[in-house]
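Subject: Structure for you to look at

Hello,

Here is the structure I said I would pass on. Please open it first, then read the notes below it.

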Amino acid sequence: MSALIARQAPSAAERLADLAVQALVDEADLSPKPGLVDRRGSGAHQDLHLGLMHASAQSLWPAFAAMADAARSEGRVSQALRETLGQLGRDGEAEMLRVTAGVNTHRGAIWALGLLSAAAMLESGASAGEIAASAAALARLDDPAAPHNPDSHGARVCRRYGVLGAREQAQHGFPAVIEHGVPQLHASRRAGAGEQNARLDALLAIMSSLTDTCVLHRAGLEGLTRMQAGARAVLEAGGAASLAGRRQLRLLDRDMLALNASPGGAADLLAATLFLDRLAPHAPAPTGSN
Ligand SMILES: CC(C)(COP(=O)(O)OP(=O)(O)OC[C@H]1O[C@@H](n2cnc3c(N)ncnc32)[C@H](O[C@H]2O[C@H](COP(=O)(O)OP(=O)(O)OP(=O)(O)O)[C@@H](O)[C@H]2O)[C@@H]1O)[C@@H](O)C(=O)NCCC(=O)NCCS
Ligand SMILES: Nc1ncnc2[nH]cnc12
């Protein structure tokens, strides 16, 4: 009997949860990322490290599987599905905080990958853009049970600087992912950058345009401007695979550390990019870890 259970193929929801967790692990491991936790160390953070990012990612598997399964049961974008996803997202966040002893490792990632996992189940076989559009339709539905926290870091800086944050990024169909992350990942792969460099370029493309509320919270408008301009400078110099680009990337890393800035929102959206890329690849698939 146990041999029979062991051989059972994973369900579609379980496969989506596998992909979501793998995307988070790949994002955490990618190095060198400016200001962020990676294989070299904790970046601008005092309370995060790579082991904690991995443990947090693994703790979210049941939440992602449950969100995808709820989408399978409901079968369409609906108010009922939105409310179920909201509850599962809050449960996932509680489990993350239990595993990390209260440190916010992946709040933005639960939001983005939770919506995208549910949408991927609804839009099986669809393109990255179609999946993101379906996730956006879910994000635009109001969840009356969601506790509105006007004091979250994101809410505070959105008010102060008049910018859009994680909520709007999802409601608008993840433009940072669909217009910047995914196309740059594919372009850098086509140019022969190597998989790790292509992923770094995708992160930089996201950073060059995103109003990352983590950076605004930690380093204000100056931090955001320097992040966007620094990321653009790496790409304009030839990207992470080029010597000139690597030089710019080292400067950007130093700058982010000096400003105590960490682009956590961009990191979450890189994970969303890698998730969608695995689901709907339209460019040469990764060939190794070079
Ligand atoms: C809608 C919610 C995402 C809540 O959003 P809100 O803006 O109110 O709340 P925040 O607590 O600020 O969380 C937003 C997180 O999203 C990431 N992010 C930032 N900017 C963007 C952006 N422009 N687009 C997309 N995503 C963005 C970011 O997450 C990462 O950073 C986290 C660390 O941040 P922080 O806690 O500020 O940590 P530190 O700087 O280290 O703090 P200190 O050390 O200084 O104390 C890290 O977790 C990364 O993930 C933002 O943090 C959503 O949460 C929500 O409403 N959920 C309800 C449940 C639900 O409905 N779910 C639906 C199905 S999933
Ligand atoms: N690698 C990383 N470093 C810091 N914050 C993050 N949030 C999501 N991924 C992160």
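How many of the 290 residues of the chain count as buried? The share is 49%, where a residue is buried if 20 or more other C-beta atoms lie within 10 Å of its own, exposed if 12 or fewer, and partly exposed in between, with C-beta atoms placed from the backbone.

Two notes on conventions. This is a predicted model, in which local features need pLDDT of at least 70 and side-chain atom pairs count only at pLDDT 80 or more, while totals for chains, interfaces and linings use all residues. Residues are numbered from 1 along each chain as its sequence is written, and chains are lettered from A and ligands numbered from 1 in the order in which they are written.

Overall form

The chain has 14 helices and 0 strands; these are DSSP runs numbered from the N terminus, with helices (H or I) of at least four residues and strands (E) of at least two. Its C-alpha atoms fill a box of roughly 55 × 45 × 35 Å along the principal axes. Of the contacts between residues at least 6 apart in sequence, 74% join residues at least 24 apart; a contact means C-beta atoms, placed from the backbone, within 7 Å.

The core

The largest nonpolar core holds 92 residues. Such a core is a set of buried Ala, Val, Leu, Ile, Met, Phe, Trp, Tyr and Cys residues joined through C-beta atoms within 7 Å. Helix 6 (residues 107-122) supplies its largest share, 12 residues. Ala118 is among the members that touch the most others. Beyond its neighbours within four places in sequence, Ala118 is in contact with residues including Met67, Leu81 and Leu138.

The ligands

Around ligand 1 there are 37 residues, and the closest are Gly89, Gly108, Gly114, Gly154 and Gly265. A residue counts here if its C-beta atom, placed from the backbone, lies within 6 Å of the ligand. Helix 6 gives the largest share of this shell, 7 residues. By class, the shell has 11 nonpolar, 19 polar and 7 charged residues. Ala, Val, Leu, Ile, Met, Phe, Trp, Tyr, Cys and Pro count as nonpolar, Asp, Glu, Lys and Arg as charged, and the others, Gly among them, as polar.

Ligand 2 is surrounded by 14 residues, the closest being Ala28, Leu36, Val37, Gly264 and Ala267. Its shell has 7 nonpolar, 5 polar and 2 charged residues. Helix 14 gives the most to this shell, with 3 residues.

Backbone details

Most residues other than glycine have a negative phi, and most peptide bonds are trans. The bond from Ser31 to Pro32 is cis, with omega near -5°, and Pro32 lies in the loop between helix 2 and helix 3 (50-59). Ala101 has a positive phi of about 55°, and so does Phe174, also about 55°. Is Ala101 buried or exposed? Ala101 counts as exposed because it has 8 C-beta neighbours inside 10 Å. Phe174 is buried, with 28 other C-beta atoms within 10 Å.

Regards

Terms used. Contact = placed C-beta atoms within 7 Å.
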